Amino acid sequence: MFKRSFSQHSSTTSIFMKLISDFMKPHRGLGSCSFFTSRAASYLQNACEATFDSERSEDEYADVEWDKLSFGLVETDYMYIMKCSQDDEFSHGHLNKYGNIELSPSAGVLNYAQGLFEGMKAYRKVNGNGFLIFRPEENARRMQMGSDRMCMPSPSVEQFVHAVKQTVLANKRWVPPAGKGALYVRPLLMGSGPVLGLAPASEYMFLVYAAPVGNYFKEGLAPINLVIQEENHRSTPGGTGAVKTIANYSPVLKAQMQAKKKGFTDVLFVDSVENKYLEEASCCNIFIRKNNVISTPITGGTILQGITRGSIIEIARELGYQVEERLVSVEDLIDADEVFCTGTAVVVAPVNSITYKGQRYKYNCGEDVVSRKLYRSLTDIQMGLVEDKKGWTVQID
Ligand code: COI
């Protein structure tokens, strides 16, 4: 058993005093006494649970068949929640037991898709204790950029990273053993307050939950097969293609389902104006390689500025490749030596074939492909197998 009753804790009084003082700090001079009594009680309850969980030994694992992990939801123990009203700033969040949340039927997120999400992975360190998360500040900044576009207040970078760390620590028994997968961390920002006429919601919720995951595609690390979709578009100029709004994702489902029915792994979208330039796949960015030149579509407002995409660009340049962010046409794609996709969930996935207008184009997927080198260089940093000279990883102990 990992949980002790509160009375068993050796320093109960000092922990309570510290928690009360932590809680009161940002609230001094505000509100009524009864408000603070109930808020403080719930804060203390949640904070105590978190305190106890952090005492779990590092080698305690949840009951999961780690070798069978896929990219599906496995419910974990805790989630982090922070709320604020429309004209306010986020100020204080806490861990809650993982579970359903209550929303008004007229919540902005349910009626008008006023919401954003992020995704990142925490790895158990191979050599030594603790966990590593990869460039969480970048996710925090991307959420801030998206929240501006979606008219929502957003957590500060510090609040975002703190919430992610708390969520990983509270769910640490769900972080897969090294080499078996990662804890996928999913921050959400949503208009939780009721609204009927089209307008920003009156209240906002920032929530972080996590789930242990394995490979994203059912192919595992095997090369994937994409089909170019010309009828549906993922985004349009002036739209929200560059922000990680929840509204960008369900519109791709129809094309994705149709592609899967025909045996493809995923869909590759082209631009909505000329139907000619590559944009991205349904959940990842795309790269092509021709000789020593690696190209990826420029992020001109219709493509997500992937954090893995940016990291791979940097790594590839350091490995001596010329990397171009530009308009990449379907013709360039057909002419490429190698194609691969990048994303947090996907990591770096080699592409075996692309089907365009009924014609299948095959690519080199052997052991010597550059995408394998890039995958290794990236994941070695993410998993702590090599020294992180770039300061990309954040250690959680
Ligand atoms: C991620 O890579 O984190 C994503 O956002 C993809 C998601 C649709 C599974």
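**Cores, helix packing and selected residues of the predicted model**

The largest nonpolar core contains 39 residues, and Phe160, Val168 and Phe206 have the most contacts inside it. A nonpolar core is here a set of buried Ala, Val, Leu, Ile, Met, Phe, Trp, Tyr and Cys residues joined through side-chain atoms within 4.5 Å. Buried stands for under 20% relative accessible area, exposed for over 50%, and partly exposed for values in between (1.4 Å probe, protein chains only). Two or more residues each come to this core from strand 1 (78-85), strand 4 (120-124), strand 5 (131-134), helix 4 (136-149), helix 5 (157-170), strand 6 (182-191), strand 7 (203-213) and strand 17 (393-396). Helices (H or I, at least four residues) and strands (E, at least two) are DSSP runs, numbered from the N terminus. Helix 5 gives the most to the core, namely eight residues. Apart from this core lies another, of 23 residues, which include Leu268, Ile288, Leu333 and Tyr363.

The model is predicted: local features need pLDDT of at least 70 and side-chain atom pairs count only at pLDDT 80 or more, while totals for chains, interfaces and linings use all residues. Residues are numbered from 1 along each chain as its sequence is written, and side-chain values use heavy atoms, with hydrogens and water left out.

With residues up to four places away in sequence not counted, Phe160 touches Glu118, Met120, Pro136, Asn139, Ala140, Met143, Pro155, Pro187 and Phe206; contact means heavy atoms within 4.5 Å. The chain has nine helices and 17 strands, and 52% of its 397 residues count as buried. Of the contacts between residues at least 6 apart in sequence, 72% join residues at least 24 apart.

The axes of helix 7 (residues 307-318) and helix 9 (residues 370-382) come within 10 Å and cross at roughly 110 degrees. Helix 7 is therefore roughly perpendicular to helix 9, a class that covers angles of 65 to 115 degrees, with those under 35 counted as roughly parallel, those over 145 as roughly antiparallel and the rest as oblique. Axes are lines fitted to C-alpha atoms, for helices over the stretch in contact, and angles run from 0 to 180 degrees between N-to-C directions. The crossing of the two helices is right-handed, that is, the near helix is turned clockwise from the far one by less than a right angle. Thr308, Ser311, Ile312, Ile315 and Ala316 of helix 7 meet Leu374, Ser377, Leu378 and Ile381 of helix 9. By class, this contact has six nonpolar, three polar and no charged residues. Ala, Val, Leu, Ile, Met, Phe, Trp, Tyr, Cys and Pro count as nonpolar, Asp, Glu, Lys and Arg as charged, and the others, Gly among them, as polar.

Tyr361 is placed in strand 16 (residues 359-362) and counts as partly exposed, at 23% relative accessibility. Neighbours within four places in sequence aside, Tyr361 is in contact with Ile334, Asn352, Ser353, Ile354 and Tyr356. Its C-alpha atom is separated by 9.3 Å from that of Asp335, 26 residues apart along the chain. Lys357 is found in the loop between strand 15 (347-356) and strand 16. Lys357 is exposed, with a relative accessible area of 60%, and has a positive phi of about 50 degrees although it is not a glycine.

Cys151, in the loop between helix 4 and helix 5, has a positive phi near 55 degrees.
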